[in-house]
Amino acid sequence: MKVKIARTAWQQILLAAEQNPDQEVCGLLIGHGHLIEEALPAANVATDPARRFEIDPAVLLGAHRQARHSGRLVLGHYHSHPGGKAQPSLRDAASAHDDGALWIIVGKGDIAAFRAMIGGAIAGRFDPAGLEIV
């Protein structure tokens, strides 16, 4: 099923990647059902942010707490591949859980969405998810 993303969230993700071309930017995708309403930026606390990402745990915990009170959910996360493609890397596949979470990846001005799952078409861990801007 195609995932919908609010235009403001889509633009925010692309802009963050454009403004930080030397490191992977990351954040959370907030919404409900198949609609991403908000892109919540998070600090990349990885030891090598130019080559990998790790979402700030405080942002992640805070987002889950707020979701309980707002009725919205953390649907997944986004990150960029500086100089790379908008598709999951082998490193992404190795760290993905089979929880159906959305992964939005930005690379070279492109943006694409994937669902994490066992047996996925990409590296056995992801299936492409269409992305519609609303």
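**Exercise 1.** Find which residues S80 touches, leaving out residues up to four places away in sequence.

*Solution.* Step 1: with contact taken as heavy atoms within 4.5 Å, the list for S80 is A17, Q23, E24, V25 and V106. This is a predicted model, in which local features need pLDDT of at least 70, side-chain atom pairs count only at pLDDT 80 or more, and totals for chains, interfaces and linings use all residues. Residues are numbered from 1 along each chain as its sequence is written, and side-chain values use heavy atoms, with hydrogens and water left out.

Step 1: look at V25, whose backbone nitrogen lies 2.9 Å from a polar atom of the S80 side chain.

**Exercise 2.** Is S80 buried or exposed?

*Solution.* Step 1: take the cut-offs, with a 1.4 Å probe and protein chains only: buried is under 20% relative accessible area, exposed is over 50%, and partly exposed is in between. Step 2: S80 has a relative accessible area of 3%, so S80 is buried.

**Exercise 3.** Describe the largest nonpolar core.

*Solution.* Step 1: a nonpolar core is a set of buried Ala, Val, Leu, Ile, Met, Phe, Trp, Tyr and Cys residues joined through side-chain atoms within 4.5 Å. Step 2: the largest one has 21 residues, and those with the most contacts inside it are I5, I13, L29, I36, I104 and I111. Step 3: at least two residues each come from β1 (3-5), α1 (7-19), β3 (35-42), β4 (73-80), β5 (102-107) and β6 (110-120). The most, six residues, are given by α1. Step 4: another core, of 16 residues, lies apart from it and includes C26 and F126.

**Exercise 4.** Which residues lie closest to the centre of the largest pocket?

*Solution.* Step 1: on a 1 Å grid over the protein atoms alone, a pocket is an open set of points where a 1.4 Å probe fits, with protein on both sides within 12 Å along at least five of seven lines; lining residues have an atom within 4 Å of a point. Step 2: of 28 lining residues, the closest to the centre are F53, H77, D92, S95 and W103. Step 3: β4 gives the largest share of this lining, four residues.

Note on methods. A polar contact is a pair of N or O atoms within 3.5 Å; within protein, one must be able to donate a hydrogen and the other to accept it, and residues adjacent in sequence count only if both atoms are side-chain atoms.
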